[in-house]
Amino acid sequence: MANEKRRASPAKLKRALQPSEEYERGPGITRRELKSVRDLKLKGKLKSSEKKVRAAVDAAAQTELLLTTDAGYLEAEGPLERTYHFRQDQIATAVDEQSGRKAFELTLDKLGPYRATYSRDGQHLLLGGRKGHIALMEWQRSKILCELQLGETVRDVCFLHQHAMFAVAQKKDLFIYDSQGIELHCLRTHRPCVHRLRFLPYHFLLCTVGETGHLRYLDISTGQQVAEHASKLGACSVMATNPSNAVVHLGHSSGVVTLWSPNLPTPHVRMLCHTAPLSACAVEGGGNYMATAALDGRIKVWDLRTYKEVHTYHSVRPAHSLDISARGVLAVGHGPHVEMWRDALATKQKAPYMSHLLPASAVASVEFCPHEDVLGVGHALGFASLLVPGAGEAAFDAFEANPYATKKQRREAEVTALLEKLNPETITLDVSVIGTVDRSPGERMAEMKASKDAAEAERKANRKERKKARGRSKSAKRLARKSANINDERREKMRAAMAKRTQDRERAKRGDEPIDALDRFSAAPTVGNP
């Protein structure tokens, strides 16, 4: 019996490790589509790619047995206790010593406010002060890699593909520096000034938007400008990227959010999200939800699959920075307050998950650290690192961004990323079309014509037969009869004048003299002798 059980266990394990829906990568290529491919070499490549995709899905499902680490979260002990009353010093003393060191504050009250961003592996922190202070550091080891005093306005900072290169939007031009603070490039084609920077790691595209409202895509691997689009909606200082499809979201002063890609000169989608100017925007990692904030104090959550509003939250002051963590925690920075909302995208929450106050300061930017339960807050008096239990993803993909990579592994990863760089043409709203078989234009035209004919036939079938009237039942005749029953002052005068003319004509025919008003007093004519 023991041997039978031992032989049956692999089958049970195989059934238990069937890939779930969260690991599926689309419908794939059907057998009918494979049969339609006439090129044998192409058919073999498609079969091989499908086999690799199925193997990757099975392997991802089997790794669930090894992922024993779960994401933690704050939990109140009694019904009267609230998690947003917990202070950062209480959380730091309750966790282990290594995690408690991640909660700290940097007092930089001379050159703020500061904008902060993390590298993709979560090991490096880049700070940019409004008055020209730049600092790159390994924040977990408290080691400063470089520090610059530019002496001019800094509007935004952004890491490129690795922490070895970062971009700075300065007073007039866009500059690129290395990890030692050496200036590598000065890009004068982005004048007059750049307000926001975002980087697309899989396409090696640096996206910028500024005073003129022009969205520019710069390929940092070749140094060429891929595209430049004019939003025609004025200056723009709100920009976010969708991690799932690399579509850029721009927020404008008219309350409109536009979705852009380098392939179209016009936006894919134009959404009227607020009636007030937008102040912040953030997109969830899965690409299903978007959060927007405006100067009217409202924070709205939108479903990007239907482009409809899901929830609305209110803040005491207008929120100027939003971010969404890997596990769906929404961070809101408004005034001196920072609020974290847990599970606030799919469901409406009544109260925030956590809250933090920065006395006598104002929040400039909030951003979650990848692979960590840490929220970085740049404000007017420096930088604050907050512990947010349950914000980060406990299991990370080392092939995606390895936080423990060596110098050799980083070099190899950079070469691999350049070889696997995606073309800008792959940026689209519908990511399911990537990897499918592109049919010939004749087949697509025939399918479009068939669908159009079917829609026309359905419209004709549902159309009601219109009764064609003739003679007295014509629409013009009915309108004339209807208007003939309307009596107004002009028509009454015309009728009186016509009646008077008719009477005058009749008297003229009889030879009668016209009757005057004084004729009643004249003597009556006598009959007989005089």
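Is Arg216 buried or exposed? I looked it up: Arg216 has 9% relative accessibility and counts as buried. I note at once that the model is predicted.

**Entry 1: salt bridges**

I stayed with Arg216. Its side chain meets that of Glu228 in a salt bridge, at 3.2 Å from N to O. Glu228 sits in strand 13 (residues 224-230) and Arg216 in strand 12 (residues 214-219), twelve residues apart. Glu228 is partly exposed, at 39% relative accessibility.

Next I asked how many salt bridges the structure holds. The count is 13. I reminded myself of the general idea: side chains of opposite charge can pair when their charged atoms come close.

I then followed strand 12 to Asp219. Asp219 forms a salt bridge with Lys421, and their closest N and O atoms are 3.0 Å apart. This pair spans 202 residues of the chain. Lys421 lies in the loop between helix 6 (407-419) and helix 7 (441-462). Asp219 is buried at 8% relative accessibility, while Lys421 is partly exposed at 25%.

One further pair went into my notes. Asp156 bridges to Arg115, with the closest N and O atoms 3.1 Å apart. The pair links strand 6, which holds Asp156, to strand 2, which holds Arg115, 41 residues apart. Asp156 is buried, with a relative accessible area of 3%. Arg115 is buried as well, at 19%; the cut-off for buried is under 20%. I also found that Arg115, Asp156 and Arg198 are linked in a network of salt bridges.

In which order do its four strands lie? The order is 6-7-8-9, in an open sheet with antiparallel pairing. Strand 6 (156-159) and strand 9 (183-187) are the edges, each pairing on one side only. Neighbouring strands are turned by 20 degrees against each other on average, ignoring direction.

I looked inside the sheet as well. Strand 7 (residues 165-169) and strand 8 (residues 174-178) run antiparallel and are joined by five bridges. Phe166 stands opposite Tyr177 in strand 8.

**Entry 2: nonpolar cores**

The largest nonpolar core has 32 residues. Leu125, Trp139, Val338, Leu375, Val377 and Val388 touch the most other members. Several strands give two or more residues to this core, including strand 2 (114-118), strand 3 (124-129) and strand 4 (133-138). Which strand gives the most? Strand 28 does, with four residues.

I picked Leu125 and listed some of its contacts. Among them are Ala116, Trp139, Phe159 and Phe383. Another core, of 28 residues, lies apart from the largest one; its members include Leu215, Cys236, Val248 and Leu278.

**Entry 3: cysteines**

How many disulfides are there? The count comes to zero. I checked Cys158: the nearest cysteine sulfur belongs to Cys207 and is 8.9 Å away. Cys158 is buried, at 8% relative accessible area.

The cut-off for a disulfide is within 2.5 Å. Cys273 also counts as buried, at 3% relative accessibility.

Definitions and conventions. Residues are numbered from 1 along each chain as its sequence is written. This is a predicted model: local features need pLDDT of at least 70, side-chain atom pairs count only at pLDDT 80 or more; totals for chains, interfaces and linings use all residues. Side-chain values use heavy atoms; hydrogens and water are left out. Buried means under 20% relative accessible area, exposed over 50%, partly exposed in between (1.4 Å probe, protein chains only). Two strands pair if DSSP finds at least two bridges between them. Axes are lines fitted to C-alpha atoms, for helices over the stretch in contact, and angles run from 0 to 180 degrees between N-to-C directions. A nonpolar core is a set of buried Ala, Val, Leu, Ile, Met, Phe, Trp, Tyr and Cys residues joined through side-chain atoms within 4.5 Å. Contact means heavy atoms within 4.5 Å. A salt bridge is a side-chain nitrogen of Lys or Arg within 4 Å of a carboxyl oxygen of Asp or Glu. Lists of a residue's contacts leave out its neighbours within four places in sequence.
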